[in-house]
Amino acid sequence: MNQRYYSLDVFRGATVALMILVNNPGSWSYAFSPLKHAPWHGCTPTDLVFPFFLFAVGNAMSFVIPRLRTQAGKVFWKKVLKRTILIFLIGLLLNWYPFVQWSNDTLLFKYWINPIKSDSGIRILGVLQRIALCYCFASILVYFFKTKTVVLISIFILLTYWLICILLGDSDPYSLQGWFGTKIDVSILQIAHMYKGEGVPFEPEGIASTFTAVIQVVIGFLVGQYIQTGTKAIEGPMPIYRTVSTLMVTAALLTLGGMTWGLAFPINKKIWTSSYVLYSSGLAITALGVLIWFVEIKGHKNFVTKFFDVFGKNPLFIFVMSALIPKTLSLMRIENGFDETGNPIYTSPLRWFYTEICAKFPGPPEIGSFVYAICFLSLLWAVCYVMDKKGIYVKV
């Protein structure tokens, strides 16, 4: 990527770092409020991480799609479909990994569908799967249609999703029980392959809400496209100032539009409402505009930007590693005392590190949980830093 757009690397890296931080607390029972998702309606800083990443995916696409337009259509389809399938399969296998689990003192295979409990199995969808699908559909939109048409299609999708929520939902169409998308997920995915963290089968990366999430990538693409074309419109120092000004005005309009729409169609990440798309996209553009101001215009490139930059150079790889490391180490058992019947109690290396070191930090338990998350983030940063120094960049 051109050095002029270094701020886009920093933005992507900061998003990946925050994603790792919020996904890996020492204990899910002890996390500071900003590092938790909103229970249902509403939006916390944590709820902005995923849409920011999708926005960053769109930014990166704005550098690739123009090159693909100059080549044969089969080149586009080969690249997009290959990348979509690979990312989706990685996400699916990550849900399945490590393929075995401890049951008492025996390692048992994790079946696609649990032979003992038929409503339990391997989850099909997830974060990487949504990234793959959103990348695929957004790529098709921006490759085959002109910008004006893409904007109109995006507006149509956001409005149609709102209408469908009302028409197909129950008496409370925006509630966990009343949202129409769960019925679609149950019929296509089956309960055994759905997320159950809400206490009932509910897929936060479900089929219906993926359509509005696609628009998050499209907005990222349009912003990335504008940053490139806007700064090339005229010579001299003014284009980048004009670009930042336009971005900030657009960000304010989208954020305000999302908040206003949210009065009727609540801002909600778990069902990825249209108001949430506008609101989170507005904040993403604001963050990017601020970065462009400080990094590109003011020239503030220091250890902070470098810290995030290394994450931005291997984003998908390091996100996968953030799941692989804990899952792999969970198979290693360390004796940690005995229960009341005299049988040994086991813990994993990371769990031991949290309970024996991080959790003993003075203050409320949230501090120890946060310290663990920072330590884990630092470990992954060290991996990224070494890879960057050696010029190792894993791309799908």
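Biologist: Which residues does Met 61 touch, not counting residues up to four places away in sequence?

Modeller: Contact means heavy atoms within 4.5 Å. By that criterion, Met 61 touches Pro 66, Tyr 135, Ala 138, Ser 139, Val 142, Val 217 and Phe 221. This is a predicted model, in which local features need pLDDT of at least 70 and side-chain atom pairs count only at pLDDT 80 or more, while totals for chains, interfaces and linings use all residues. Residues are numbered from 1 along each chain as its sequence is written, and side-chain values use heavy atoms, leaving out hydrogens and water.

Biologist: How many salt bridges does a search of the whole structure find?

Modeller: A salt bridge is a side-chain nitrogen of Lys or Arg within 4 Å of a carboxyl oxygen of Asp or Glu. The search finds eleven. In one of them, Glu 203 pairs with Arg 123, with the closest N and O atoms 2.4 Å apart. Both Glu 203 and Arg 123 are buried, where buried means under 20% relative accessible area, exposed over 50%, and partly exposed in between (1.4 Å probe, protein chains only).

Biologist: Is Cys 134 buried or exposed?

Modeller: Cys 134 is buried, at a relative accessible area of 0%, whereas Cys 375 counts as partly exposed at 31% relative accessibility.
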